[in-house]
Amino acid sequence: MILNSIPMALLSILPLPASKSSLHKALTSSTHHLINPAFSTTIPIRRKVSMITMCSTTAVSDAGAKRRIANHHSNLWEDDFIQSLSTNYEAPTYRERAERLIEEVKQMFTEIEAGVSITPLNDVLSRLSMVDSIERLGIDRHFKMEIKSALDYVHRSVIIIYSCILYVAIILISISCTLYSYWSEKGIGCGRESGVTDLNSTALGLRILRLHGYPNVSSSVLEQFKDDKGQFATSSIQTDEGEIRAVFNLFRASLVAFPIEKVMEEAQIFSTMYLKEYLEKIPVSSLSRQIEYVMEYGWHTNLPRLEARHYMDVFGYNEMPWMAYVSTDKLLELAKLEFNIFHSIQQRELKHISRWWKDSGFSQMNFVRHRHVEYYTLASCFATDPQHSAFRISFAKMCHLITVLDDIYDTFGTMEELKLFTAAVKRWPDPSATDSLPEYMKRVYTVVYETVNEMAQVAKKSQGRDTINYARQAWEAYLDSYMKEAEWISSGCLPTFEEYYENGKISFGYRISMLQPILAMDIPFPHHILQEIDYPSRFSSLAAGILRLKGDTRCYKADSARGEEASCISCYLKENPGLTEEDVVNHIHAMVNYLMKELNWELLRPDSNVPISSKKHAFDICRAVHHGYIYRDGYSVSTNEIKDLIMITVLEPVPL
């Protein structure tokens with residue numbers, strides 16, 4: 001039975017944090033200067049984390065008011081550079097070629113359905129591998145019907161078996177030889193007449209069917225692949241590529257675990273150890289590079305566009321030997337064309353974002369982080385449908401506003417100014433609300449007001465109703481949470497862990513970054529569905545909690561250096577003086593892992609009345625922001641991995 005909430009007993013063991021950063025907290029460094037983008041030609045898989053120098057806050061005086069500035073590095077992407085970007089992939093010839101390839105790939109699916117060049121011994125694995133490769137190449141949006149048909153075929157045994165039970169026994173006898181050929185409680189084999197199940201097909205099927213929301217896809221199927229001692233059975237010599245690929249897919253499947261699935265925990269432990277040992281023994285190959293990528297980014301920090309860019313470099317090297325009729329060259333060409341066509345869309349949207357940033361006056365504020373390009377990149381790395389332009393742009397703007405406000409409330413603003421600003425927002429749309437604000441806050445207020453209302457107009461067209469009051473309530477709750485943190489900073493108060501965590505889930509800004517962007521899409525969000533996704537729903541609470549916890553582990557030292565003592569680490573340490581700082585950080589990482597399994601369940605639970613498609617973008621926002629915390633606070637120090645991500649997925653087309 002899946003837990004609906006975190007047991008209090010678990011909280012006594014695993015620390016539940018909440019830190020004081022908003023969408024992105026501050027690691028500070030005055031050693032970074034403006035860096036001109038330099039293009040790279042390789043996709044880095046990082047194994048070591050370089051040390052980051054943290055700087056203390058600089059105190060400045062402004063008309064008698066003492067202010068703190070966090071010394072963040074400057075913007076890496078000047079507007080002149082962004083506006084100078086150009087591409088040839090807007091030309092109609094590229095789109096026309098892609099359309100022809102799409103039809104040819106659809107024909108491949110048709111041939112699979114017709115049984116051309118496949119046999120009853122590999123028809124199941126062929127379908128799963130085709131779907132898996134198309135999704136990893138980032139071209140699955142063109143083949144939704146074909147993918148559904150392929151997965152229905154794999155999963156259909158449940159329907160067949162049940163219908164047979166309702167009819168005559170003789171029918172059961174007639175299909176008894178093929179029960180292992182489709183999905184069942186014992187897993188699946190390579191084909192409908194394989195006669196035996198195998199780990200590779202079962203693990204791949206478990207992952208894909210679960211991600212697509214199919215019912216009765218239990219992890220208990222993995223129990224079939226344990227030996228008499230309850231251990232996953234493999235050969236003693238790790239040279240069989242088939243076995244290595246099977247363990248690789250077992251690892252991938254373990255990443256979409258639900259709470260209390262012991263066999264999935266065991267699968268992840270076993271496959272992690274196995275694959276690490278394998279990588280130490282063998283030379284670099286297509287398979288080893290795939291394994292490295294997935295072990296680095298997992299699923300909860302993976303970005304589909306980054307995965308597609310990486311997979312293009314390794315795809316086609318003996319990837320599907322049992323499907324010789326499939327033209328991997330055509331799949332790869334289509335993936336590259338789609339990548340580059342979307343690259344041209346990214347350039348147009350990025351120019352809009354950069355011009356908005358410059359015209360807003362934020363470029364003149366040297367006390368805030370300028371990460372609009374970074375946030376746009378994250379959005380475009382998971383929301384890759386060209387039609388979702390409004391979502392990508394809205395997400396980038398919202399996140400930048402959150403970061404500006406975070407730097408004002410945490411460092412630059414005085415308590416009196418923060419109170420005035422919070423009160424002014426609650427007086428929307430009173431034109432006199434800004435009269436008492438300092439000049440820098442008047443500009444911020446104006447941009448926030450205009451942006452929120454602009455997004456509400458977009459949402460009104462897509463959703464067919466006015467959502468401005470809903471958005472205003474979210475913003476008021478968000479700024480109230482900021483005020484509470486500002487009061488803790490001002491008074492030196494260290495709240496209880498529970499108080500800090502609950503407030504921190506709001507102050508992180510996940511709700512603000514998610515709410516108006518998803519309403520801008522062409523996906524309907526009636527009230528009964530929105531309330532299952534928006535805060536304080538279980539789904540939203542889990543996503544915000546994960547980001548608060550993970551963000552704090554990357555930010556608490558820099559926060560403390562600036563005088564912001566309250567963090568998930570400090571609050572938990574206060575209540576558990578017998579623990580070390582390292583103990584608490586480890587506890588928090590364990591809690592994040594547990595919450596991610598709960599979030600998996602909320603996204604994929606088969607008994608939900610909210611379709612996965614309605615929750616997916618909100619889920620992917622969590623994944624994307626989490627990505628920036630893999631090695632450090634990548635939003636305060638964006639000169640490393642996040643900069644690489646921008647160049648690889650936004651600035652550089654892939655060679656055709």
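In this predicted model, Y482 is buried, with a relative accessible area of 1%, where buried means under 20%, exposed over 50% and partly exposed in between, using a 1.4 Å probe and protein chains only. The model is predicted, and local features need pLDDT of at least 70, side-chain atom pairs count only at pLDDT 80 or more, and totals for chains, interfaces and linings use all residues. Residues are numbered from 1 along each chain as its sequence is written, and side-chain values use heavy atoms, with hydrogens and water left out.

**Aromatic pairs**

- Rings of Phe, Tyr and Trp (its six-membered ring) pair if their centres lie within 6.5 Å, and planes under 30 degrees apart count as stacked, over 60 as edge-to-face and the rest as tilted; by this rule there are 30 aromatic pairs.
- W428 and Y445 form an edge-to-face pair, 6.3 Å centre to centre with 70 degrees between the planes.
- W428 lies in the loop between α16 (415-425) and α17 (439-463) and Y445 in helix α17, so their pair ties together parts that are 17 residues apart in sequence.
- W428 is buried at 5% relative accessibility, and Y445 is buried at 6%.
- Y478 and Y482 form a tilted pair, because their ring centres are 4.6 Å apart and their planes stand at 50 degrees.
- Y478, which is buried at 1% relative accessibility, lies with Y482 in helix α18 (residues 468-491), four residues apart, about one turn of the helix.

**The cluster**

- Ring pairs link Y409, F421, W428, Y445, Y449, W475, Y478 and Y482 into a cluster.

Technical notes: Helices (H or I, at least four residues) and strands (E, at least two) are DSSP runs, numbered from the N terminus.
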